[in-house]
Amino acid sequence: MAGATNDARDGVMIVCRNRSAGRRYGGWRALTRAGAFAAATVLFAAALCGQAGAQPNTVDPASGNVFVSGGAVPFDVGSRFMQRINANALLRNAASAGNNAGGGGGDEPSRERYRAWLEGYGLAARTGPQGEFPGDRRTTWGGIAGGGAMVAPGVSVGLSADQSRTKIDVTGLAQSGRIDLTQVGLSAAVERGPWAFGATLIHGTGVIKSSRFEGGESIASYRARLWGAMAELSRYWSLPGNARLVPKLGVDWMWSRTGSFTETGGVAPITGSGVTATRVRVMAGAEVGRTWAADRVLFDVAVHGRLVNNAVQDVGALEVSLASGAGAAAAIAGVRESTLGADAGAAFSARVSENVRLYAIYDGRFRSRFTSHGGTLGAEVRW
């Protein structure tokens, strides 16, 4: 009996031990599974966070498109400023004293010694795709104020200032820019009989601001500078009915420099090098106009056209890289005009009194990869 009792007790003990061991083994398995699940969850979350905040290790060349577009604006706005200065430098312009109906056009010397003018203008330009650059649209608003004086018979000098703002939208990309440009210019003109020669020198400085959206907004601000010079020779031919024909031959030179930049913000901000560009153009064309008087107002209408040859276009490449320093840099070619192109325009003016002239002007520029349409309203006072 005692042995039986011991055997029974040992059996109970064995059973109890087995059950206790099962509970211990089952607990470890549960803990192991829970730990594995927690680790997998942490790794998965880390992967998602890493993917969301990952920084690319190479620069996308397309990220520099807004910057090469901004570098082309000084040439565009600066060229127009030189042309307006040159037109205002001549004493013999639309509805001036030299174009009056009684004088027959151009032979009567101007009696006014001083002049001042004020203009407001707007430009709408579009650049087509070229290479990796998808193109852009630009809108410019600005104003010109200036004055001139006749320092000797047939010799005049002038000073002008231009303030403009250009907005850029790169085609098909979330990239935009704004350029505030201030320019000053000096002019001189000499008129002898039917011949006239004008020369212009300009200098400009500006601030370019850019914005890119690529998983966040990246912004940059940098400076731009430009120099330009223009010379034009023309001859005045009087035609019957107070009309005129004025052939013109001109040349201009421009130099610009956009500074280096570093973006801030966004997922992949970039840094870029400064870019220098030089251009020389040769232009040949003519103006046809007519002057008439009605109700004591002297009216004038003119149309003009010219061929343009971009004889030299040296546009430097933009070097961009990630601001983090990762990866290699990429070179992006600058925006260029076609070698040959044409300009055309029209002007209407009214000399409402002996000293005041009002005018409206349209000018267009046409290249194979670039078109621009501009309008100007202005007033001139002479005394």
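1. R244 and D300 form a salt bridge, with 2.8 Å between the closest N and O atoms; the term stands for a side-chain nitrogen of Lys or Arg within 4 Å of a carboxyl oxygen of Asp or Glu. The pair links distant parts of the chain, since R244 belongs to strand β8 and D300 to strand β12 (residues 297-315), 56 residues apart. R244 counts as buried at 2% relative accessibility, and D300 counts as buried at 1%. Buried here is under 20% relative accessible area, exposed is over 50%, and partly exposed lies in between (1.4 Å probe, protein chains only). Helices (H or I, at least four residues) and strands (E, at least two) are DSSP runs, numbered from the N terminus.

2. On the basis of the model: it is predicted, so local features need pLDDT of at least 70 and side-chain atom pairs count only at pLDDT 80 or more, while totals for chains, interfaces and linings use all residues. Residues are numbered from 1 along each chain as its sequence is written, and side-chain values use heavy atoms, with hydrogens and water left out.

3. Overall make-up. The chain has 17 strands and two helices. Of its 383 residues, 42% are buried. Contact means heavy atoms within 4.5 Å; among contacts between residues at least 6 apart in sequence, 67% join residues at least 24 apart. The chain exposes about 18700 Å², of which carbon and sulfur atoms supply 64%. Accessible areas come from the Shrake-Rupley method with a 1.4 Å probe, and for residues only the protein chains shown count as cover.

4. Other salt bridges. The whole structure holds 20 of them. One joins the side chains of D363 and R80 (3.4 Å, N to O). D363 lies in strand β16 (residues 356-367) and R80 in helix α2, so this pair ties together parts that are 283 residues apart in sequence. Both D363 and R80 are buried. Another joins D180 and R165 at 2.6 Å, N to O. Here D180 is in strand β4 (residues 175-192) and R165 in strand β3 (residues 155-170), so the parts tied together are 15 residues apart in sequence. R165 is partly exposed, at 37% relative accessibility.

5. Two strands pair if DSSP finds at least two bridges between them. Strands β3 and β4 run antiparallel and are joined by 15 bridges, with S160 opposite G185 in β4. Four residues separate the two strands in their hairpin, where G172 takes a positive phi near 75°. β4 is also joined to strand β5 (residues 195-213), again antiparallel, by 18 bridges. In that pairing, A188 has A199 in β5 as its bridge partner. The β4-β5 hairpin has two residues between the strands, and G193 in the turn has a positive phi of about 60°.

6. The four-stranded sheet. An open sheet has the strand order β9-β10-β13-β14, with antiparallel pairing. β9 (261-262) and β14 (330-332) are at the edges with a single partner strand each, so one side of each has no neighbour in the sheet. Strands β10 (residues 270-272) and β13 (residues 318-322) run antiparallel and are joined by three bridges. G272 stands opposite V320 in β13.

7. The largest nonpolar core. A core of this kind is a set of buried Ala, Val, Leu, Ile, Met, Phe, Trp, Tyr and Cys residues joined through side-chain atoms within 4.5 Å. The largest has 43 residues, and F67, I202, F261, I270, L318 and V320 touch the most other members. Helix α2 (residues 65-89) gives the most to this core, with ten residues. Apart from neighbours within four places in sequence, V320 is in contact with V59, F261, I270, T271, G272, A329, A330 and I332.

8. A nonpolar surface patch. L159, L186, L201, W227 and W253 make a patch of about 480 Å². Patches are made of residues with over 30% relative accessible area and no salt bridge; like charges are joined within 9 Å, and nonpolar side chains (Val, Leu, Ile, Met, Phe, Trp, Tyr) within 5 Å. W253 is in strand β8 (residues 243-258) and is partly exposed, with a relative accessible area of 34%.
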